[in-house]
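This briefing goes through one protein chain, topic by topic. Please keep the sequence and the 3D view open while reading.

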Amino acid sequence: MYDVEIIQKQTKYRRTVDIIAAILKVVIRGRGTKRDIENGANLSFLQVKQYLLLLLNTDMLTKDKEKESIYRITQKAIRFLHLYEQLDTMIQYPRKYYKD
């Protein structure tokens, strides 16, 4: 089981949702080993272990049936990424387009 307290302590500079999105983007590009995730999402090995447990337990990742050291993204995770990108776009929308 993943440890929420460890995850919260390790997310001092990035939000948990941003780290999850970074991990899923690495995996969706076809690089789903722990080492690839560690390097691609700029995480420590301990962080990777905790987030992988979280993502496996929430059905956002699965282990490859033939090679268990490879992680695969699920439809739920793809939906998460779409929503994440939409929210990210909304937040970064230039302020000049809003009327105060």
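Helices and strands here are DSSP runs, a helix having at least four residues and a strand at least two, numbered from the N terminus. On that basis, the protein chain has 5 helices and 2 strands. The model is a predicted one. The points below cover the overall layout, the nonpolar core, the salt bridges, an aromatic pair and a surface patch.

**Overall layout**

- Along the sequence, the elements come in the pattern α-α-α-α-β-β-α.
- The protein chain has 100 residues, of which 32% count as buried.
- Among contacts between residues at least 6 apart in sequence, 53% join residues at least 24 apart.

**The nonpolar core**

- The largest nonpolar core is made of 22 residues, and Ile23, Leu24, Ile37, Leu55 and Leu61 have the most contacts inside it.
- Two or more residues of this core come from each of α2 (16–28), α4 (45–57) and α5.
- Helix α2 gives the largest share of this core, 8 residues.
- Which residues does Ile37 contact, leaving aside its neighbours within four places in sequence? They are Ile23, Val26, Val27, Arg31, Gly32, Asn42, Val48, Leu52 and Tyr71.

**Salt bridges**

- Asp18 and Arg15 form a salt bridge in which the closest N and O atoms are 2.8 Å apart.
- Asp18 has a relative accessible area of 18%, so it is buried, while Arg15 is partly exposed at 48%.
- Arg35 is joined to Glu38 by a salt bridge, with 3.4 Å between the closest N and O atoms.
- Both Arg35 and Glu38 belong to helix α3 (residues 34–40), where they are 3 residues apart, about one turn of the helix.
- Is Arg35 buried or exposed? Arg35 counts as exposed because its relative accessibility is 53%, and the cut-off for exposed is over 50%.
- Glu38, by contrast, is buried, with a relative accessible area of 15%.
- A salt bridge also links the side chains of Arg72 and Asp64, at 2.9 Å from N to O.
- Arg72 is partly exposed at 38% relative accessibility, and Asp64 is buried at 15%.

**The aromatic pair**

- The count of aromatic pairs comes to 1.
- Why does the pair of Phe80 and Tyr84 count as stacked? The ring centres are 6.2 Å apart and the ring planes are at 20°, so the pair is stacked; planes under 30 degrees apart meet that condition.
- Phe80 and Tyr84 are both in helix α5, 4 residues apart, which is about one turn of the helix.
- Phe80 is partly exposed, with a relative accessible area of 21%, whereas Tyr84 is buried at 14%. The cut-off for buried is under 20%.

**A surface patch**

- Leu87, Met90 and Ile91 make a nonpolar surface patch of about 350 Å².
- Where is Ile91 placed? Ile91 lies in helix α5 (residues 75–91).
- Ile91 counts as exposed because its relative accessibility is 63%.

Definitions and conventions
Residues numbered from 1 in each chain as written. Predicted model: local features only at pLDDT ≥ 70, side-chain atom pairs only at ≥ 80, totals over all residues. Heavy atoms only, no water. Patch = residues over 30% accessible without salt bridge, like charges linked within 9 Å, V, L, I, M, F, W, Y side chains within 5 Å. Areas by Shrake-Rupley, 256 points an atom, 1.4 Å probe, with all protein chains shown as cover. Salt bridge = Lys/Arg side-chain N within 4 Å of Asp/Glu carboxyl O. Buried < 20%, exposed > 50% of the residue type's maximum accessible area, 1.4 Å probe, protein only. Phe/Tyr/Trp six-rings, centres within 6.5 Å; stacked < 30°, edge-to-face > 60°. Core = buried A, V, L, I, M, F, W, Y, C linked by side-chain atoms within 4.5 Å. Contact = heavy atoms within 4.5 Å.
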